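Thanks for coming. I will go through one structure today, starting with the metal site and then moving to the rings and the cores.

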Amino acid sequence: MYEQKFAPERAKPIVAINTTHGTGTEVDRFAVASILEKEYKPAIAYDCIYPTFSIDDPELTKTLPEKQSIYTSLDALNHVTEASTTVLTNSLSINLARDTVELIAEYLPKVIEEPENLETRYFLMYASMIAGVSFDNGMLHLTHALEHPLSAVKPDLPHGLGLAMLLPAVVKYTYKVKPQILAYIYQPIIPGLKGISDEAEEVAAKLEQWIFELGVKEKLADVGFSEEDIPKLVKLAFETPVLDLLLNSAPMNVDKELVKTIYSESMKPYN
Ligand SMILES: [Fe+2]
């Protein structure tokens, strides 16, 4: 199924009980699996796997470790960054994206101070849920298409950390073509943007700074990747089943050169 050899039309009823605040999968039609021997981490999207019932209870996230708390919220931040800038985006995805960023900007720093604060966990879980609706309607593009090869090659790499390391470079190139939308949704993190393409480098650097201030300071070179891995990662981004759909949803023409550049710029910090 994950290699697109057949498409399911029906599924058993799914009851989703969420234990993180990142995936959004309790409200969407997506699922992900790793095929370790092929170094593939494909996604599937079928209407029949929408959960029949979902439970988002912040109580269940109170003991989520600090790093996973941050990584999962950064996953949600990536979901909306991408969903609001695909070729399929729409005002629902964009406005849910803005709400998501507002909540994450306010509550994510608080979860580090007070991990058991239920109000903080509630709003991070709510942010992740609406981010799920945002990308179920708007789709995803570059950070997810480029992260899946990273955590397929290194299965211990948390998805949210992989995304966090790639996000500044992806935003730099996305901002050049979608400056107004990104200036609008990122206002709670980077206030005062004009929404013009020339700000792309500044936005990438400030976003990286914000991620670093959350304590996530790693870049690809820090987790064991080097320039020599880039050709394989580029190949996987284009060859892993379904990831090409994400690449084609990006707001710019994505060729191997751009993917290579993003991996390369994500090796070390901009700042
Ligand atoms: Fe994700």
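What spacing do the donors of the iron ion follow along the chain? The answer is D-x3-H-x64-H-x14-H. Before going on, a word on the source: this is a predicted model, where local features need pLDDT of at least 70, side-chain atom pairs count only at pLDDT 80 or more, and totals for chains, interfaces and linings use all residues. Residues are numbered from 1 along each chain as its sequence is written, and side-chain values use heavy atoms, with hydrogens and water left out.

Back to the iron ion. Its protein donors are Asp 75 through OD, and His 79, His 144 and His 159, each through NE2, at 2.1 to 2.3 Å from the ion. Donors here are N, O and S atoms within 2.8 Å of the metal (3.2 Å for Na, K and Ca), and water is not among the atoms, so sites may look incomplete. The angles among the four donor atoms run from 79 to 166°, and the site is irregular. For that term, four donors count as tetrahedral if all angles lie between 85 and 135 degrees; four count as square planar and six as octahedral if opposite donors are over 155 degrees apart and all others between 65 and 115; anything else is irregular.

His 144 is in helix 4 (residues 142-153) and His 159 in helix 5 (residues 159-177), so this pair ties together parts 15 residues apart in sequence. Helices (H or I, at least four residues) and strands (E, at least two) are DSSP runs, numbered from the N terminus. His 144 counts as buried because its relative accessibility is 4%. Buried means under 20% relative accessible area, exposed over 50%, and partly exposed in between, with a 1.4 Å probe and protein chains only.

Next, the rings. There are four aromatic pairs in the structure. Rings of Phe, Tyr and Trp (its six-membered ring) pair if their centres lie within 6.5 Å; planes under 30 degrees apart count as stacked, over 60 as edge-to-face and the rest as tilted. One of the pairs is Phe 30 with Phe 135, tilted, with 5.1 Å between centres and 35° between planes. Phe 30 sits in strand 2 (residues 30-32) and Phe 135 in helix 3 (residues 118-138), 105 residues apart. Both of these Phe residues are buried. Tyr 107 and Phe 123 have ring centres 4.8 Å apart and planes at 20°, so that pair is stacked. It links helix 2 (residues 91-113), which holds Tyr 107, to helix 3, which holds Phe 123. Tyr 107 is buried at 8% relative accessibility, whereas Phe 123, at 24%, is partly exposed.

Finally, the cores. A nonpolar core is a set of buried Ala, Val, Leu, Ile, Met, Phe, Trp, Tyr and Cys residues joined through side-chain atoms within 4.5 Å. The largest one has 70 residues, and Leu 74, Tyr 186, Trp 210 and Tyr 263 touch the most other members. Helix 5 supplies the largest share, ten residues. A second, separate core has seven residues, including Tyr 2 and Leu 236.

Which helix holds Val 259? That is helix 10 (residues 256-265). Val 259 is buried, with 0% relative accessible area.
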